[in-house]
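Let's take a friendly walk through one protein model, looking at its charged pairs and its sheets. Have the sequence and the 3D view ready.

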Amino acid sequence: GTRVVSGSVDGLVKIWVASTGVEVLSIRADSCNIASVNFSPDGTLVVSASLVHNLVKIWDVATGEQVRTLTGHWQGVPSVQFSPDGKRIVTGSWDALIKTWDVATGLEVRTDPGSCE
């Protein structure tokens with residue numbers, strides 16, 4: 001792609017032009033500690049995950065508006081990724097759970113145990 005996305009300890013998610021480093025969008029995703037961010041495969045959405053408030057949020061790249069919030073983890077979420085078809089999001093949390101979410105509805109469709117070993 002031509003853009004990159006970053007999340008940071010200040011709670012901001014930023015989208016940048018990869019070739020120039022020019023910031024094109026800044027989103028206040030949380031008050032602090034955005035641990036993981038990713039683009040949807042078609043580039044229209046960004047997902048962010050928070051360590052402090054255990055929230056996963058989906059954002060519209062064109063507008064910067066929040067599309068939905070995924071709640072269900074009870075500890076920080078350091079890992080988030082879209083499925084290759086963009087229809088699901090998978091999250092990994094310090095609560096030792098791996099959750100799969102439906103992007104269109106925001107509903108949790110599966111929970112699997114992780115491993116802390």
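## Charged partners

Start with Asp102, which is buried, at a relative accessible area of 15% (buried means under 20% relative accessible area, exposed over 50%, and partly exposed in between, using a 1.4 Å probe and protein chains only). Which residue does the side chain of Asp102 meet in a salt bridge? That's Arg88, at 2.6 Å from N to O (a salt bridge is a side-chain nitrogen of Lys or Arg within 4 Å of a carboxyl oxygen of Asp or Glu). This pair links distant parts of the chain: Asp102 sits in strand β10 (residues 97-102) and Arg88 in strand β9 (residues 88-92), 14 residues apart. Strands and helices here are DSSP runs numbered from the N terminus, with at least two residues (E) for a strand and at least four (H or I) for a helix. Arg88 counts as partly exposed, with 31% relative accessibility.

Keep in mind that this is a predicted model, where local features need pLDDT of at least 70 and side-chain atom pairs count only at pLDDT 80 or more, while totals for chains, interfaces and linings use all residues. Residues are numbered from 1 along each chain as its sequence is written, and side-chain values use heavy atoms, with hydrogens and water left out.

How many salt bridges does a search of the whole structure find? It turns up four. Side chains of opposite charge can pair when their charged atoms come close. One of the four is between Glu108 and Lys99, at 3.1 Å from N to O.

Glu23 is partly exposed, and its relative accessible area is 36%.

## The sheet from β8 to β11

Now for the strands. An open sheet of four strands runs in the order β8-β9-β10-β11, with antiparallel pairing (two strands pair if DSSP finds at least two bridges between them). β8 (79-82) and β11 (108-113) stand at the edges with a single partner strand each, so one side of each has no neighbour in the sheet. From one strand to the next, the twist averages 15° (axes are lines fitted to C-alpha atoms, for helices over the stretch in contact, and angles run from 0 to 180 degrees between N-to-C directions).

Zoom in on β8 and β9: they pair in the antiparallel sense over four bridges. Phe82 has Ile89 of β9 as its bridge partner, and Val80 stands opposite Thr91 in β9. Val80 and Phe82 make up the covered face of β8, while Ser79 and Gln81 are on the uncovered one. The two strands form a hairpin with five residues between them, and Gly86 in the turn has a positive phi of about 75°.

## The sheet from β4 to β7

Another open sheet has four strands in the order β4-β5-β6-β7, paired antiparallel. β4 (34-39) and β7 (66-70) are the edge strands, each pairing on one side only. Neighbouring strands of this sheet are turned by 20° against each other on average, direction ignored.

β4 and strand β5 (residues 45-50) pair in the antiparallel sense over five bridges. Look for Val37 here: its bridge partner in β5 is Ser48.
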